[in-house]
2 protein chains.
Amino acid sequence: MSKAGKKAYSIIRSRILSGDFPPKTHLKEEELTTLCDVSRTPIREALRSLAADYYVEIIPNRGTFVTDWSSDDVEDIFNMRMLLEGYAAQQAVVKATPEDIEELTTYCNNIDLLLSQDGPIDVEAFLAENRLFHRKLWQASGSKRLSALLLRLVAQPVVARTVMAYTRQDIRRKNEHHREIIEAIKAKDSAWARSIMSSHILAARHVYTLAFLDDPS
Amino acid sequence: MSKAGKKAYSIIRSRILSGDFPPKTHLKEEELTTLCDVSRTPIREALRSLAADYYVEIIPNRGTFVTDWSSDDVEDIFNMRMLLEGYAAQQAVVKATPEDIEELTTYCNNIDLLLSQDGPIDVEAFLAENRLFHRKLWQASGSKRLSALLLRLVAQPVVARTVMAYTRQDIRRKNEHHREIIEAIKAKDSAWARSIMSSHILAARHVYTLAFLDDPS
DNA sequence: TTCTTCTATATTGTATACAAAGTTCTTAAA
DNA sequence: TTTAAGAACTTTGTATACAATATAGAAGAA
């Protein structure tokens with residue numbers, strides 16, 4: 001995607017995530033041109049791209065509508081991530097270079113640094129490092145297709161919401177998982193790497209479930 | 001995608017699959033307009049869509065290029081299919097309705113009918129029924145996202161090529177797998193369903209490997 | 001000759017006008 | 001009052017013109 005299209009994509013996406021465009025909303029191209037200050041051509045490009053990432057659904061000759069998510073969808077996304085990220089970790093055992101391992105370690109150290117600081121934890125900073133760790137691992141798995149698939153999966157609105165629920169304790173545990181994955185890679189133990197990564201995603205699902213789905217009344 | 005865009009998508013895709021547009025080819029929008037007899041707007045739409053399906057890669061301000069596949073990619077696609085289709089089969093155990101099961105059975109019967117006929121087997125007809133079986137199973141799993149993901153995975157050029165290598169024996173075995181999956185669903189045994197589906201995909205990988213990657217000189 | 005820079009050309013990116021399809025509202029008949 | 005048909009309007013789809021960017025080639029300096 002190019003300049004104007006990217007701009008439109010990012011503006012529309014953030015409006016969807018913020019709730020300005022709730023599920024089922026009909027996104028009209030003409031209105032979006034004034035919102036994004038670009039012409040309809042890049043707007044349409046952005047909408048197609050958002051559809052590829054499952055943010056919206058395009059019905060030919062009818063229009064573009066914001067997709068709505070059920071709790072089944074949340075379950076699905078976590079399960080698919082468990083499978084695919086587990087596979088990525090397994091492949092990384094075979095494909096990762098010493099440089100890859102070093103880079104992964106750096107991200108772990110950065111998160112530890114955040115944890116060691118006093119006061120409320122900087123969740124945004126953690127998320128940035130966390131994202132870097134995971135993407136690096138996908139890349140280290142050596143499969144561009146796997147990376148592309150996972151990129152789309154974790155871009156999902158449900159995943160974007162998950163993060164708000166993390167406590168200091170959760171983050172500490174997540175980083176321990178990261179370190180264990182690195183160890184498994186160093187030990188060339190693909191089953192271990194895969195298993196830890198699966199646990200890692202399942203733990204995230206648990207945090208999400210507690211925070212958003214249960215109603216402790 | 002709409003009328004003109006779909007037309008362009010299908011024409012360009014078939015040219016890629018046929019080898020008319022080999023890997024790394026620079027697909028120029030202007031040239032494609034004469035080939036597809038539509039304007040550049042739907043051509044661009046088709047190219048974006050082809051990029052979403054990994055047929056081509058778009059580099060901003062540079063152009064669109066046909067992606068090239070390595071044998072690692074083939075391995076990857078089969079492995080991811082094994083994971084995701086296995087998951088689909090597992091979910092189908094929980095979600096499938098009696099009508100779904102009936103429909104799946106019909107496709108199995110159709111394939112048996114093909115096998116019972118004399119003379120060389122109609123591979124194209126088998127493929128059609130096979131595709132229907134798999135897609136029905138994805139749909140029965142109840143996850144639209146999983147369906148969308150798998151649809152893109154099996155659309156890959158490498159997968160499209162696989163099919164040419166099937167013998168009568170291979171097809172018979174594949175249909176036996178199909179029937180066993182149905183049985184597992186009826187028995188509400190998700191582990192069995194998943195396991196058979198994984199075997200099913202691994203067997204396909206084996207056939208592919210024998211036919212295209214080994215060189216029995 | 002070789003390298004750099006500038007210009008010409010080719011190609012992609014964006015805006016806009018017009019066409020086609022869908023939606024809504026009005027009006028007339030049952 | 002309800003339904004059906006049709007016209008007016010809205011929205012998406014397609015073509016095309018123009019702008020921005022990248023590429024290739026030519027001219028000039030080292």
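Q: How far apart are the centres of domain 1 of chain A and domain 2 of chain A?
A: The two centres, taken over C-alpha atoms, are separated by 29 Å. The domain assignment, whose bounds come from an automatic or database source, gives chain A domain 1 (3–66) and domain 2 (71–213). This is a predicted model, in which local features need pLDDT of at least 70 and side-chain atom pairs count only at pLDDT 80 or more, whereas totals for chains, interfaces and linings use all residues. Residues are numbered from 1 along each chain as its sequence is written, chains are lettered from A in the order in which they are written, and side-chain values use heavy atoms, with hydrogens and water left out.

Q: What makes residues of domain 1 of chain A and domain 2 of chain A count as in contact, and how many do?
A: Contact means heavy atoms within 4.5 Å, and six residues of domain 1 of chain A are in contact with five residues of domain 2 of chain A. The area buried between these two domains is about 480 Å², with 59% of it from carbon and sulfur atoms; buried area is the accessible area (1.4 Å probe) that two parts lose on being put together, summed over both.

Q: Why are α5(B) and α6(B) called roughly antiparallel?
A: The axes of helix α5 (residues 98–116) of chain B and helix α6 (residues 123–140) of chain B cross at roughly 165° and come within 9 Å. Angles under 35 degrees count as roughly parallel, over 145 as roughly antiparallel, 65 to 115 as roughly perpendicular and the rest as oblique, and therefore α5(B) and α6(B) are roughly antiparallel to each other.

Q: What angle do α4(B) and α6(B) make, and what is that arrangement called?
A: Helix α4 (residues 71–95) of chain B packs against α6(B) at an angle of about 60°, with the axes 7 Å apart. That angle makes α4(B) oblique to α6(B). Among the residues that make the contact are B:Arg81 and B:Glu85 of α4(B) and B:His134 and B:Trp138 of α6(B).

Q: How many residues of chain B and chain A are in contact, and what area is buried between the chains?
A: 31 residues of chain B are in contact with 31 residues of chain A, and the area buried between the two chains is about 2800 Å², of which 52% comes from carbon and sulfur atoms. B:Tyr54, B:Leu83 and B:Arg145 supply 26% of the area that chain B buries against chain A, more than any other three residues.

Key
Axes fitted to C-alpha atoms, helices over the stretch in contact; angles between N-to-C directions. Helix = DSSP H or I, 4+ residues; strand = E, 2+ residues; numbered from the N terminus.
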